[in-house]
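Here is a short note for a colleague who is opening this structure for the first time. Please keep the sequence and the 3D view side by side while reading.

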Amino acid sequence: MHVTRTGILCSMEIERSLEVPVSGGLLTVGASGPDPALAEHVVVFVHGITANHKTWSLITQRLPPSIAALAVDLRGRGGSVGLPAPWGMDAHADDLASVLNYVGVDECVVIGHSMGGFVATAFGHRYPDRLRGAVLVDGGVALAQPAHTDPDDVIESVIGPAMSRLRQSFASRADYQAFWRAHPAFSDEGVWNAAIANYFDYDLGGIEPSLTSRVSEAAVRVDGAEVLLDPSVTGAASLLDCPTELVRVERGLLNQPEPLIAANVAAELALANANVRVTSVPALNHYTITLTPAGADVVVASLRRVLLRVEVRA
């Protein structure tokens, strides 16, 4: 296995970095825990539409030492920003399969946040024998959205500031941190922490005073059109044939009381697919479910339940 050691800069750094050959180039993957080929379980972590693998730092810290964690930078994001099209859920699912092939394992559990949940369901559709279980964190099922008909308008409306910052330039890293500190998801006293700061610092590329987000807007538009408007993508969770947990938070991207996943949508999924169990989290929002200790604890508890069900099934 080709492993590039990066060193641990702070407590939430991924221990090592892999560069995995995929269509068009190399996919960056943060890895922690034992050699995947020797691990009790392999868990692949998939971030959201404008995010990166540092989304998972607090969560991977909380895993038992028997679990190998592989946290991808999806093509068009973070260390994989230079990877070209094809984008879309099937392309991302194929990249996950390439990651498993690279580390020499056949099966895994996939945890996906936001759009990453749709990548998880696409992986289950394309590679059903390789997906042992799934955790869908505020994603992977039909999302609440305004009644626009133009895909670009829908994406702008749903994602909001996360989309607009892709066209902005920042003079310094401090300016970028200030931009996000003022975001409603993080502006409440006591929410901001070192993991959040590290996550957004990793997002930046370029040289001061012209720093920009390492997210491809073209990739976001292709992926966003699928997860918001394609019924074959938004309905794929109902077909998952493995232990699955859906974690839905009851506050949205702007910390508003309207969630991305409505309670009735989650309930209908659980009725349609007996493999799916739902956890609702009232006090957190779409970002803090992964980027705060309280959210990380919820996600790890859901993963533990899935792993228990996977073991019973085996």
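This is a predicted model: local features need pLDDT of at least 70, side-chain atom pairs count only at pLDDT 80 or more; totals for chains, interfaces and linings use all residues.

1. Aromatic pairs. How many aromatic pairs are there? The count comes to 15. One of them joins phenylalanine 170 and tyrosine 176. Phenylalanine 170 and tyrosine 176 are both buried.

2. A second pair. Phenylalanine 186 and tryptophan 192 also form an edge-to-face pair. Here the centre-to-centre distance is 5.8 Å and the angle between planes is 85°. Again, both partners, phenylalanine 186 and tryptophan 192, are buried.

3. Charges over tyrosine 202. Look next at the ring of tyrosine 202. The charged end of lysine 54 sits over this ring, 5.4 Å from the centre. Arginine 214 lies over the face of tyrosine 202 too, at 4.5 Å from the ring centre.

4. Helix H6. This helix spans residues 173–181. Its buried residues are Tyr176, Gln177 and Trp180. What do they pack against? The partners are helix H5 (161–164), helix H7 (194–203), strand S8 (204–207) and strand S9 (210–213).

5. The structure holds 13 salt bridges. In one of them, arginine 126 meets aspartate 94, at 2.9 Å from N to O. Arginine 126 lies in helix H3 (residues 115–126) and aspartate 94 in helix H2 (residues 89–103), so the bridge ties together parts 32 residues apart in sequence. Arginine 126 is partly exposed, at 37% relative accessible area. Aspartate 94 is partly exposed as well, at 26%. The pair belongs to a network: Asp90, Asp94 and Arg126 are linked by salt bridges.

6. A bridge from a loop to H8. Arginine 167 and glutamate 217 meet through their side chains in a salt bridge of 2.8 Å, N to O. Arginine 167 is in the loop between H5 and H6, while glutamate 217 is in helix H8 (residues 217–229), so the pair ties together parts 50 residues apart in sequence. Arginine 167 is partly exposed, with a relative accessible area of 45%. Glutamate 217 counts as partly exposed at 23%.

7. A bridge with a buried arginine. Arginine 248 forms a salt bridge with glutamate 250. The closest N and O atoms are 3.5 Å apart. Is arginine 248 buried or exposed? Arginine 248 is buried, because its relative accessibility of 4% is under 20%.

8. Side chains of opposite charge can pair when their charged atoms come close.

Methods:
Residues are numbered from 1 along each chain as its sequence is written. Side-chain values use heavy atoms; hydrogens and water are left out. Rings of Phe, Tyr and Trp (its six-membered ring) pair if their centres lie within 6.5 Å; planes under 30 degrees apart count as stacked, over 60 as edge-to-face and the rest as tilted. Buried means under 20% relative accessible area, exposed over 50%, partly exposed in between (1.4 Å probe, protein chains only). A charge sits over a ring if NZ of Lys or CZ of Arg is within 6 Å of the ring centre and within 35 degrees of the ring normal. Helices (H or I, at least four residues) and strands (E, at least two) are DSSP runs, numbered from the N terminus. Contact means heavy atoms within 4.5 Å. A salt bridge is a side-chain nitrogen of Lys or Arg within 4 Å of a carboxyl oxygen of Asp or Glu.
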